[in-house]
Amino acid sequence: MISRPLFKQGFLSNGKILLIFAAVLTLYFSLIVSMFDPKIGGTLQSFSDAMPEVMAMFGMNAATATLTGFLANYLYGFLMLIFPLIFTIMASTRLIARHVDRGSMACLLAAPRCRRAVALTQALVLIVSQTALILYCTLLGIGCSASMFPGELDVGAFLSLNAGVWALHMAIAGFCFFASCISDDTRRSFALGAGVPIAFYLIQMLANMGGKLENLQYFTLFTLFDTAGLMDGTAAAWWKAAFLLGIGVLFFIAGIRLFERRDLPL
């Protein structure tokens, strides 16, 4: 059911964007890891003490003396949530909605491929691309830590952290792909695929501030990404990650089935 030529075309089409995001994250990873210096760390803690609400908003308020906790705080509270999210939004829109909008979907379906094959292939492109980005960041974090601070990183906890963030982005990717499958043009796909995840993240930022806003955590998927629980290996954190992965699978399946049945403006 998977079209290899279409998969290759889709993966190469998103390849430039993937490389750009990988390059940007390389810069941030190397910079943040290098900042695990007691002197600079003290400066960051002073900034956190001076502006606790701002740091909490971006999930960077957890005081820690370990490199693993430091990376979880300053990379996985904001950067590893936002950059893969933006990549997913851009890639998912290009894979389905853009072809429908430009009329090139007719060419894809004119070849000996059924709609299911096209949708499955494009879904696989998105899954592989996002997985490649997360895997690259995982290896990058381990490599930077090993070169700058040998033996300081808890590799097992770091791998668990990245498994959790991968599950989160699979849930987001599933929804964005679903939005692309039900849209006739890129504007609608982008509005839905970008609007809902970004709204979830903004809600999470408000919930992070605590107080009366803390209950907003129950209205966003980002709450299910439990960094502390994943690093500690708690069962609850892994169940949350599994739930996120299940959400992604359901959205991918729903998107493919709706794409098969809907009338396309070809």
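**Exercise 1. Salt bridges**

Count the salt bridges in this predicted model, and work out which parts of the chain the bridge between Glu260 and Arg116 ties together.

*Solution.* 

Step 1. The count comes to two salt bridges. A pair qualifies when a side-chain nitrogen of Lys or Arg is within 4 Å of a carboxyl oxygen of Asp or Glu.

Step 2. Start with Glu260 and Arg116, whose side chains meet in a salt bridge at 3.1 Å, N to O. Glu260 belongs to helix H13 (residues 235-261) and Arg116 to helix H9 (residues 115-148), so this pair ties together parts that are 144 residues apart in sequence.

Step 3. Now check how open the two partners are. Glu260 has 27% relative accessibility, so it counts as partly exposed. Arg116 has a relative accessible area of 40% and is partly exposed.

Step 4. Turn to the salt bridge of Asp226 with Lys240, where the closest N and O atoms are 3.7 Å apart. Asp226 sits in the loop between helix H11 (186-208) and helix H12 (227-232), while Lys240 is in helix H13, and the two are 14 residues apart. Asp226 is partly exposed because its relative accessibility is 21%, and Lys240 is partly exposed at 29%.

**Exercise 2. Buried or exposed?**

Decide whether Ser92, Ile2 and Leu12 are buried, partly exposed or exposed.

*Solution.* 

Step 1. You need two cut-offs: buried means under 20% relative accessible area, and exposed means over 50%.

Step 2. Ser92 is part of helix H6 (residues 79-95). With a relative accessible area of 1%, Ser92 is buried. Leaving aside residues up to four places away in sequence, Ser92 touches Leu126, Cys176, Phe177 and Ser180.

Step 3. Ile2 is found in the segment before helix H1 (4-13). Its relative accessibility is 41%, so Ile2 counts as partly exposed. Together with Leu124 and Val128, Ile2 makes a nonpolar surface patch of about 200 Å².

Step 4. Leu12 lies in helix H1 and counts as exposed, because its relative accessibility is 58%. Look across to Ser129 as well: it is 117 residues from Leu12 along the chain, and their C-alpha atoms are separated by 10.0 Å.

**Exercise 3. The whole chain**

*Solution.* 

Step 1. Of the 266 residues in the chain, 46% are buried.

Step 2. Next come the contacts between residues at least 6 apart in sequence: 77% of these join residues at least 24 apart.

Step 3. The accessible surface of the chain comes to about 12700 Å², and 68% of it belongs to carbon and sulfur atoms.

Terms used:
Residues numbered from 1 in each chain as written. Predicted model: local features only at pLDDT ≥ 70, side-chain atom pairs only at ≥ 80, totals over all residues. Heavy atoms only, no water. Patch = residues over 30% accessible without salt bridge, like charges linked within 9 Å, V, L, I, M, F, W, Y side chains within 5 Å. Areas by Shrake-Rupley, 256 points an atom, 1.4 Å probe, with all protein chains shown as cover. Helix = DSSP H or I, 4+ residues; strand = E, 2+ residues; numbered from the N terminus. Buried < 20%, exposed > 50% of the residue type's maximum accessible area, 1.4 Å probe, protein only. Contact = heavy atoms within 4.5 Å.
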